[in-house]
Amino acid sequence: MTRVIITGAKGRMGQALLACAKHFREIEIVVAIDLGDDLGAVISKGDAVIDFSAHTATPGIVELCAGNGKAVVIGTTGHSEREKAEIGKWKSQTPIVLASNFSTGVNALFWLTRKAAEILGPDFDLEIVETHHRLKKDAPSGTAKTLAEILAGVRKLPLDQAVRHGRVGIVGERTPSEIGVHSIRGGDVVGDHTVIFAANGERLELTHKASSRETFANGALRAALWAVRQKPGLYDMQHVLGLK
Ligand code: NAD
């Protein structure tokens, strides 16, 4: 039995994790905490922590996990470069799974996006469109950022300079070295992502649509079962699914 602690338990994802964990015979949720609770006081009760809280909370959670030899699965998105570096510095001490998206479908989208970019080559313009519910706090989504990283990697473009967040005003003609990223917010959309490859005379679009948070919750629970058996290191969902 793997004993799991959830941080951010009162949130949308926390509630989905609690519901989905009931269907995992090998998982027991031993503690479910939220803002104001003290993880340090209860961490000894678990084997792994699953974090879907706030980007500011993650570095402290990972530090506590590393100090106590607990695996940690991070679903929270929106981390700054500094927060990412703070998380990464514990990778030699404990297994850390950090994924902008835990759904199997989106991880297939990541794989397909890399493959399509390699096949289609530099003549195709690259644009990413993501849609989420009106309550989402960060933009663009962590998943859209991962998609942009994949595209920039294949094209060998410096990510910071390549990404164009929406366009307004007289921006001039589109250059081949840009990756457009556009965020739509509204209603209760769980999460849609489309990668557009547009050339003269043809366009390829890869789309994933999540209609339930269960897909993320089940993936994160699966990642926790996997993480407790790993050596210390920084992993993502592609490792968990055996795609890397
Ligand atoms: P939410 O706002 O519904 O829930 C977040 C919860 O975390 C709230 O209950 C809040 O009180 C709590 N929280 C805030 N600070 C905390 C702290 N310091 N310690 C403990 N709890 C704290 O948000 P949500 O929709 O559940 O999403 C949570 C995060 O997960 C977001 O960053 C979101 O982008 C991300 N997310 C990731 C995936 C994925 O597959 N990786 C999927 C969905 C959402």
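Predicted model: local features only at pLDDT ≥ 70, side-chain atom pairs only at ≥ 80, totals over all residues.
Mentor: Local features need pLDDT of at least 70 here, side-chain atom pairs count only at pLDDT 80 or more, and totals for chains, interfaces and linings use all residues. Residues are numbered from 1 along each chain as its sequence is written, and side-chain values use heavy atoms, without hydrogens and water.

Trainee: What makes β6 and β8 paired strands?

Mentor: Strands are DSSP runs of E with at least two residues, helices are runs of H or I with at least four, and both are numbered from the N terminus. Two strands pair if DSSP finds at least two bridges between them. Between β6 (residues 125-132) and β8 (residues 179-185) there are 7 bridges, so by that rule they pair. The two run parallel, and L126 stands opposite I179 in β8.

Trainee: Why are β7 and β10 called edge strands?

Mentor: The open sheet has the order β7-β8-β6-β9-β10, with mixed pairing. β7 (163-165) and β10 (202-210) each pair on one side only.

Trainee: How do you know that helix α6 packs on the sheet?

Mentor: Contact means heavy atoms within 4.5 Å, and α6 (residues 142-155) touches β6, β7, β8 and β9.

Trainee: Why does the largest pocket lie between domain 1 and domain 2?

Mentor: Domain bounds come from an automatic or database assignment. Domain 1 (2-98 + 213-240) and domain 2 (104-210) both give residues to the lining of the largest pocket, so it lies between them.

Trainee: How do the residues of that lining divide?

Mentor: Ala, Val, Leu, Ile, Met, Phe, Trp, Tyr, Cys and Pro count as nonpolar, Asp, Glu, Lys and Arg as charged, and the others, Gly among them, as polar. The lining of the largest pocket has 16 nonpolar, 20 polar and 9 charged residues.

Note on methods. Axes fitted to C-alpha atoms, helices over the stretch in contact; angles between N-to-C directions.
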